[in-house]
Amino acid sequence: MHEMSLAESALQIIEDAAINQGFTRVRTVWLEIGKLSCVEKDAMSFCFDAVIKDTVADGARLEILETAGQGRCARCGHEMQINTLYEACLQCGSYGMQVVAGDAMRVKELEVE
Amino acid sequence: MCMSCGCGANGVFVRGKRQSGKTGAPARFRPHAAGTPLKDNDATRIVRLEQDILAKNGAYAARNRELFSSNGILALNLVSSPGSGKTALLVRTLQALKNTRSLAVIEGDQQTDNDAERIRATGIEAIQINTGKGCHLDAEMVERALRQMRLPQNGILFIENVGNLVCPAAFDLGEAAKVAVLSATEGEDKPLKYPDMFRAARLLLLNKCDLLPYLVFDIALAESYARRVNPDIRIIRISATSGEGMGEWLAWLEAHQKESNRHAPA
């Protein structure tokens, strides 16, 4: 389950920020997870709760912001919302939509004290 | 939610039906001005980070890629389900190339040294990474392995990832290309079931083709599904047992190795 190592990476970003920005407790963490990123939202929540024990983020509330997938057709340039990587272009019918948005995994903001 | 691995009921479908998961309204994101308290008399403040979760892995991968490039090494990340015949294919490939090329292998598995032993039997150096409970290799693990091995100067490094079509897709190891192996004893629709991996791969080796006469596997359908996910993917029908397709695969390796050598400093 790769969400565990992604949760650990997110925690490391938070711990680095705690040192650089001088906070000692995190109340809320906002993660942005694109619909086309290979992350299962609930698995991420589960793993995040597991990795934050006894850290600066212990007990923090996790808010996951799911962003929609957006693709551009490699053949005709049509842009549309996509939920999978194998959707056909609604304009010309060809496969291979290039992902232009919705594949990000980011630590967006923290509420800290 | 599954309590053994944490997979979420919200994303799970049984017989095409979404399983009921956690209830409650989805979280709403309200952007705040960075550094400002949320409310009056509240001791909290908002820190804006906007940092990519994979950035650290990406930094290690960039370092690995630089090392490969400066040594003229073609590094390939071999990915597949368990049992697709990756190691058998690799053994046959090493035997074909070992007299003319500098070669090395990094083996990733959760447990055991068995695959590295199979590689070493060919006379090629192999280093085994055991990920323990981990389901994929990451760029930092590969960097650690690289420090402990002799680099195949101007040759080819094969990185055999943990057998898993899901997790390794997200982790760049610094390779020149991901090579996916799908065998004829699996389902034709694997490219649709695990699209991230087939999108990320540059080459698809359709292995165990010698068994096609005995199977109901529709190879043209498997290829069309792979191209639906990734229209640019190159596909080679191959068999590690009969040797079918090996010539095409070795030619692909040679062409890509020349490319890596061209980028190496003189």
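Before the first stop, one term: two strands pair if DSSP finds at least two bridges between them. Helices (H or I, at least four residues) and strands (E, at least two) are DSSP runs, numbered from the N terminus. What you're looking at is a predicted model, where local features need pLDDT of at least 70, side-chain atom pairs count only at pLDDT 80 or more, and totals for chains, interfaces and linings use all residues. Residues are numbered from 1 along each chain as its sequence is written, chains are lettered from A and ligands numbered from 1 in the order in which they are written, and side-chain values use heavy atoms, with hydrogens and water left out.

**Stop one: the sheet.** Select B:L205 and then B:I236 in β10(B), its bridge partner. Now show all of β9 (residues 201-207) of chain B: four bridges tie β9(B) to β10(B), and the two run parallel. Zoom out and you'll find an open sheet of seven strands in chain B, ordered β6-β5-β7-β4-β8-β9-β10, with parallel pairing. At its edges sit β6 (126-130) and β10 (234-237) of chain B, each pairing on one side only.

**Stop two: helices on the sheet.** Select α4(B), which packs on the sheet and touches β5 (103-109), β6 and β7 (156-160) of chain B; contact here means heavy atoms within 4.5 Å. Next, pick helix α8 (residues 246-263) of chain B, which also packs on the sheet, with β4 (74-80) and β8 (177-183) among the strands it touches.

**Stop three: one residue in α4(B).** Click B:E143, in helix α4 (residues 139-147) of chain B. Is B:E143 buried or exposed? B:E143 counts as buried because its relative accessibility is 12% (buried is under 20% relative accessible area, exposed over 50%, partly exposed in between, with a 1.4 Å probe and protein chains only). Leaving out residues up to four places away in sequence, B:E143 touches B:Y60, B:R63 and B:N64.

**Last stop: the two chains.** Colour by chain and look where they meet: 42 residues of chain A are in contact with 43 residues of chain B. Together the chains bury about 3900 Å², 61% of it on carbon and sulfur atoms; buried area is the accessible area (1.4 Å probe) that two parts lose on being put together, summed over both.

Definitions and conventions:
Axes fitted to C-alpha atoms, helices over the stretch in contact; angles between N-to-C directions.
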